[in-house]
Amino acid sequence: MEKREIKELTRTESLVMQVLWSRGEAFAGEIYEYIPSPKPASNTISTVLRVLYEKKLIAYHVIGRNYKYYPLINKREYVPTFMGRIVDTFFDGNICSAFSFFIENAQNVTEADLDAVIESAKLKKDLL
């Protein structure tokens with residue numbers, strides 16, 4: 001499968017995608033209801049849905065006179081793009097700095113969490 005470039009989502013686009021990722025599919029009104037407060041204007045949701053469709057990140061089924069939207073990209077595909085941009089923007093592309101920041105600033109990190117991260121790093125190292 002060819003890897004496509006995924007553009008960064010705006011805050012509102014991200015909120016809409018979060019709803020679609022968690023629900024699988026939804027009508028515009030349902031998406032609006034599931035977005036946390038402060039909510040954007042309801043017509044903003046329609047605009048964002050059109051933009052996401054044009055970006056080929058979502059599609060829809062026509063049901064009567066309504067559109068039921070669903071994601072064409074899953075969250076697991078998008079997160080590396082998003083996190084890569086965070087590392088590039090805030091940590092000058094240095095993954096070690098980003099990792100240290102997240103560990104130092106994380107809330108409720110347990111020893112088991114750290115052990116799991118170390119184990120994941122060892123597995124990744126073995127693949128290199």
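Author: We can start with a definition: the expected span of a helix is 1.5 Å times one less than its number of residues. Keep in mind that this is a predicted model.

Reader: ok, so how many residues does α4 have, and what span does it reach?
Author: Helix α4, residues 75–91, has 17 residues. From its first C-alpha to its last it reaches 23 Å, close to the expected 24 Å.

Reader: which residues of α4 are buried?
Author: Tyr78, Thr81, Ile86, Val87 and Phe91 are buried in α4.

Reader: and what do those buried residues pack against?
Author: They pack against α1 and against α5, which covers residues 95–105.

Reader: switching to the strands. In what order do they sit in the sheet?
Author: The order is β1-β3-β2, in an open sheet of three strands with antiparallel pairing. β1 (26–27) and β2 (58–63) stand at the edges with a single partner strand each, so one side of each has no neighbour in the sheet.

Reader: how many bridges join β2 to β3?
Author: Six bridges join β2 to β3, and β3 is residues 66–71. Among the paired residues, Ile58 has Pro71 as its bridge partner in β3, Ala59 has Tyr70, and Tyr60 has Tyr69.

Reader: what about β1, how many bridges join it to β3?
Author: Two bridges join β1 to β3, and these strands run antiparallel. The bridge partner of Ala26 in β3 is Tyr69. Tyr69 is also the bridge partner of Tyr60.

Reader: what sits between β2 and β3 in the hairpin?
Author: There are two residues between them. Gly64 is in the turn and has a positive phi of about 65 degrees.

Reader: now the helices. Which strands does α1 lie across?
Author: Helix α1, residues 11–23, lies across β1, β2 and β3. Its direction is at about 85 degrees to β3.

Reader: and which strands does α3 lie across?
Author: Helix α3, residues 42–54, lies across β2 and β3 and runs at about 115 degrees to β2.

Reader: how do you even describe two helices that pack together?
Author: Two packed helices are described by the angle between their axes and the distance between the axes.

Reader: fine, what are the angle and the distance for α1 and α3?
Author: They pack at an angle of about 85 degrees, and their axes are 10 Å apart. Angles of 65 to 115 degrees count as roughly perpendicular, and α1 and α3 are therefore roughly perpendicular to each other.

Reader: which residues make the contact?
Author: From α1, Thr12, Glu13, Val16 and Met17 take part. From α3, the residues are Thr44, Ile45, Val48, Leu49, Val51 and Leu52. By class, the contact has seven nonpolar, two polar and one charged residues.

Reader: let's take Val48. Is Val48 buried or exposed?
Author: Val48 is in helix α3 and counts as buried, because its relative accessibility is 9% and the cut-off for buried is under 20%.

Reader: what does Val48 touch?
Author: Not counting residues up to four places away in sequence, Val48 touches Thr12, Glu13 and Val16. The C-alpha atoms of Val48 and Thr10 are separated by 9.4 Å, with the two residues 38 apart along the chain.

Reader: and Thr12, what is it in contact with?
Author: Thr12 lies in helix α1. Leaving aside neighbours within four places in sequence, Thr12 is in contact with Pro40, Thr44, Ile45 and Val48. Thr12 is buried too, with a relative accessible area of 19%.

Reader: what is phi for Lys56?
Author: Phi of Lys56 is near 60 degrees, a positive value in a residue other than glycine. Lys56 lies in the loop between α3 and β2 and is exposed, with a relative accessible area of 58%.

Reader: and for Asp92, what is phi there?
Author: Phi of Asp92 is near 50 degrees, a positive value, and Asp92 is not a glycine either. Asp92 lies in the loop between α4 and α5. At 74% relative accessibility, Asp92 counts as exposed.

Terms used:
Residues numbered from 1 in each chain as written. Predicted model: local features only at pLDDT ≥ 70, side-chain atom pairs only at ≥ 80, totals over all residues. Heavy atoms only, no water. Pairing = 2+ DSSP bridges. Helix = DSSP H or I, 4+ residues; strand = E, 2+ residues; numbered from the N terminus. Contact = heavy atoms within 4.5 Å. Axes fitted to C-alpha atoms, helices over the stretch in contact; angles between N-to-C directions. Parallel < 35°, antiparallel > 145°, perpendicular 65-115°, else oblique. Nonpolar A, V, L, I, M, F, W, Y, C, P; charged D, E, K, R; others polar. Buried < 20%, exposed > 50% of the residue type's maximum accessible area, 1.4 Å probe, protein only.
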